[in-house]
Amino acid sequence: MNEADLLPCVHCGFCLPACPTYVRLGDENDSPRGRLYLMRAVTEGRLDSSAPAFRTHMDRCLGCLACESVCPSGVEYGRLLGETRVILAAAHPHPRIVRLLLRIFGSPLLIDWFLGFGRGLRASGLARLGAKILPTAKLFASPRFALAMLAASDEGGFRGWAAGARDERAPDIQPDLAGSGGRVAMLVGCVQDGLFGRVNDATGRVLRANGYEVVPVLDQRCCGALHAHAGAVEDARGIARENIQAFDDAGVDAIAVNAAGCGASMKEYGRLLADDPDWAERAERVASRVRDVSELLAARGPRIGAPLPQRVSYDAPCHLEHAQGVVDPPLRVLAAIPELEVVEHPGSSECCGGAGIYGLTQPELGSRIGADKVAQLLEAEPDAVVTGNPGCMMQIGAGLILKGSKVRTYHPVELLDESYRRAGVYNQADFQESAHSFLGIEQR
């Protein structure tokens, strides 16, 4: 980062009302332009990067990039924030919990163990019970919310297969649905695969139903977003190289991603490895093929399903709307479901407060932002909340659980998948009626 990168900011103030932290704290240093001023002070030597205040205000940033969407000067705030966090990581040791998570998510074996433990805790019912019975005192705030997030990933609710079990093989698509949408690979992900396997299953089915050939890629890794956002850039590059190797060798036309944060991270692989002559070209090639699943579905139509007469609120993930600029495709996916009413709610483009591990590093502020989001959503009185990122599903879902609401969170592709199931798009021999009905409505 150099001073020239910071000059485009003209301190116009358009970013102020778009920034969740500034809106709540009212501190100029907790606004995008204030943080840019602090970055400039560091680059000019007027402020030391080890200064506690510098880290405080940078750590409070969600990295939601809503400021980029409204900036008339085109300031690349996200890139500058990433470079700043590399500087901070060198000047300050991460908290123990962050170091632990970076180590876990840097190892496929540890990720499997960690998320497997989470699934066991969730299946036992202890996560939901703990979220309900732990005291509301500040001391228990973080563990209580963490348990609620885990409970929010529960695979209960509507499913087109027995007892919530994940499909070991994909159901056959009826022959008349064949089409040449191209060859696509899927990012399986870590949290998505470990806690939201149902979303991956639905994604594969829906892509095939829309004419895509889904190609398995076995040697893929976690996307590396956690390490990149924490300033652990070399670890992020190592993970990126493994994914580039795996996906580049797959020979696919596109890489489908159903987690907004992962998609945003993978689309940055070219920039991440721009200075590596051995990987730069391949990184750019892979990054250019990354598509959110909603982008692929919107490009093909998508196919119309059966009616789901429900009222849902769509909440846009920050890393889909602001980081990737994907706004309309998720709404087009939902529009392919007859009788599904999508209701607006205030603050739909504002961050939910999840932001990766923000709830662990900034529990009070993250909880405050999340509570505001839940209140705004409940104003719309939806039957369900729909959002395209596992972190958002857990953050919002946890807030709903702690609020005592029965409203659940879903990925847009899950609703389209259920609509297709009801329409007879899939080979019904591969499905069994779920013990649960979709959002309280009996299966038809």
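Predicted model: local features only at pLDDT ≥ 70, side-chain atom pairs only at ≥ 80, totals over all residues.
**Entry 1: Cysteines**

A disulfide requires two cysteine sulfur atoms within 2.5 Å. I also noted that cysteine 15 is buried, its relative accessible area being 11%.

I then turned to cysteine 64. Its closest cysteine sulfur lies in cysteine 318, at 4.8 Å, and this distance is again too far for a bond. Cysteine 64 counts as buried, with 9% relative accessibility. Finally I searched the whole structure and found zero disulfides.

**Entry 2: The chain as a whole**

I asked how the radius of gyration of the chain stands against that of a compact globule. For 444 residues, a compact globule would have a value near 22 Å; the chain has 21 Å, so the two agree. Along the principal axes, the C-alpha atoms fill a box of roughly 70 × 55 × 40 Å.

I looked up burial next. Of the 444 residues, 54% count as buried. The chain exposes about 19,000 Å², and carbon and sulfur atoms supply 53% of that area. I also checked contacts between residues at least 6 apart in sequence: 76% of them join residues at least 24 apart.

For secondary structure, I recorded 24 helices and eight strands.

**Entry 3: The sheet of strands 2-1-3-4**

I traced an open sheet of four strands, in the order 2-1-3-4, with parallel pairing. Which strands stand at the edges? They are strand 2 (212-215) and strand 4 (290-292); each has a single partner strand, so one side of each is left without a neighbour in the sheet. From one strand to the next, the twist averages 40°.

I examined one pairing in detail. Strand 1 (residues 182-186) and strand 3 (residues 254-257) run parallel and are joined by three bridges. Methionine 186 has alanine 256 in strand 3 as its bridge partner.

Strands of a sheet pair through backbone hydrogen bonds, and the pairing is either parallel or antiparallel.

**Entry 4: The sheet of strands 6-5-7-8**

I found another open sheet of four strands, in the order 6-5-7-8, and its pairing is parallel. The edge strands are strand 6 (341-343) and strand 8 (408-410), each of which pairs on one side only. Neighbouring strands here are turned against each other by 35° on average, direction ignored.

I then followed the pairings across the sheet. Strand 5 (residues 311-314) pairs with strand 6 in the parallel sense over three bridges. Strand 5 also runs parallel to strand 7, and three bridges join them. Which residues does serine 313 face in these two strands? In strand 6 its bridge partner is valine 343, and in strand 7 it stands opposite valine 385.

Strand 7 (residues 384-386) in turn pairs with strand 8, parallel and over three bridges. Alanine 384 has arginine 408 as its bridge partner in strand 8.

**Entry 5: Backbone details**

Most residues other than glycine have a negative phi, and most peptide bonds are trans.

Where does a cis peptide bond occur? I located one joining glycine 301 and proline 302, with omega about -10°. Proline 302 lies in the loop between helix 18 (293-300) and strand 5.

I next looked up positive phi values. Histidine 11 is a residue other than glycine, yet its phi is positive, near 55°. I placed histidine 11 in the loop between helix 1 (3-6) and helix 2 (20-25). Histidine 11 counts as partly exposed, at 39% relative accessibility.

Alanine 355 is not a glycine either, and its phi is positive at about 50°. I found alanine 355 in the loop between strand 6 and helix 21 (358-361). With 31% relative accessibility, alanine 355 counts as partly exposed.

Key. Residues numbered from 1 in each chain as written. Heavy atoms only, no water. Pairing = 2+ DSSP bridges. Axes fitted to C-alpha atoms, helices over the stretch in contact; angles between N-to-C directions. Rg over C-alpha atoms; globule rule 2.2 N^0.38 Å. Buried < 20%, exposed > 50% of the residue type's maximum accessible area, 1.4 Å probe, protein only. Contact = heavy atoms within 4.5 Å. Areas by Shrake-Rupley, 256 points an atom, 1.4 Å probe, with all protein chains shown as cover.
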